[in-house]
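Open the model in your viewer with a cartoon view and keep the selection panel at hand. The tour below goes from one selection to the next.

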Amino acid sequence: MDVTAENNKVADIDITRIMEMIPHRYPILMIDRVVDVVLGEGATGIKNVSINEPFFQGHFPSRPVMPGVLIIEAMAQTSAVLVVATLGKESEGKLVYFMTVDEARFRRPVTPGDTIHIHVSKQRQRANVWKFKGEAKVNGVLVAEAVYSAMILDEK
């Protein structure tokens, strides 16, 4: 990973690299790219929402809306990529489990054709437990937000 001396920033992370870093795969992989990565601080995940997403078949056929819990999952996956980028190669592929989700708010529906920018920032870290604040925006408008914590585990 290309790290610059300037604020511990790393280059954009594409889908191939994301799949090396976290174990999620289709249909639950909820991010396509991670940009604006500052190690140990924050990052922005990008999700291009397509009508071909499997959840749109049932949520809802006459008015497709991305489930809010999947937006929260996209926040968690963006955070997991940030954690792996921060901790280094030895943390790749480890599982990250939700511990808490607090202050979740869903402001506007996300529909096919939207591009979600998922901004995550680390609030604190103690040992293998990380706490984040996430905000999801479409065209600069807040659509969802949450504070959540997760634990990274080595299950080898």
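Predicted model: local features only at pLDDT ≥ 70, side-chain atom pairs only at ≥ 80, totals over all residues.

Seven of them form an open sheet with antiparallel pairing, in the order 1-2-3-5-6-7-4. Colour strand 1 (9–10) and strand 4 (95–106) next: these stand at the edges, and each has a single partner strand, so one side of each is left without a neighbour in the sheet.

**Helix 2.** Now select residues 68–87, which are helix 2. This helix lies across strand 2 (33–38), strand 3 (42–48), strand 4, strand 5 (115–126), strand 6 (129–138) and strand 7. Look along the helix against strand 7: helix 2 runs at about 50° to that strand.

**The cavity.** How many cavities of 30 Å³ or more does a search of the whole structure find? There is one, and the largest cavity holds about 60 Å³ of space. To display its lining, select Ala-76, Ser-79, Ala-80, Val-83, Val-96, Asn-128, Trp-130, Phe-132, Tyr-148, Ala-150, Met-151 and Ile-152. Helix 2, strand 6 and strand 7 each supply at least two residues of the lining. Colour the lining by class to finish: ten residues are nonpolar, two are polar and none is charged.

Terms used:
Residues numbered from 1 in each chain as written. Heavy atoms only, no water. Pairing = 2+ DSSP bridges. Helix = DSSP H or I, 4+ residues; strand = E, 2+ residues; numbered from the N terminus. Contact = heavy atoms within 4.5 Å. Axes fitted to C-alpha atoms, helices over the stretch in contact; angles between N-to-C directions. 1 Å grid on protein atoms, 1.4 Å probe; cavity = no way out; pocket = protein on both sides within 12 Å on 5 of 7 lines; lining within 4 Å. Points joined across faces, edges and corners; volume = space filled by probe spheres on them. Nonpolar A, V, L, I, M, F, W, Y, C, P; charged D, E, K, R; others polar.
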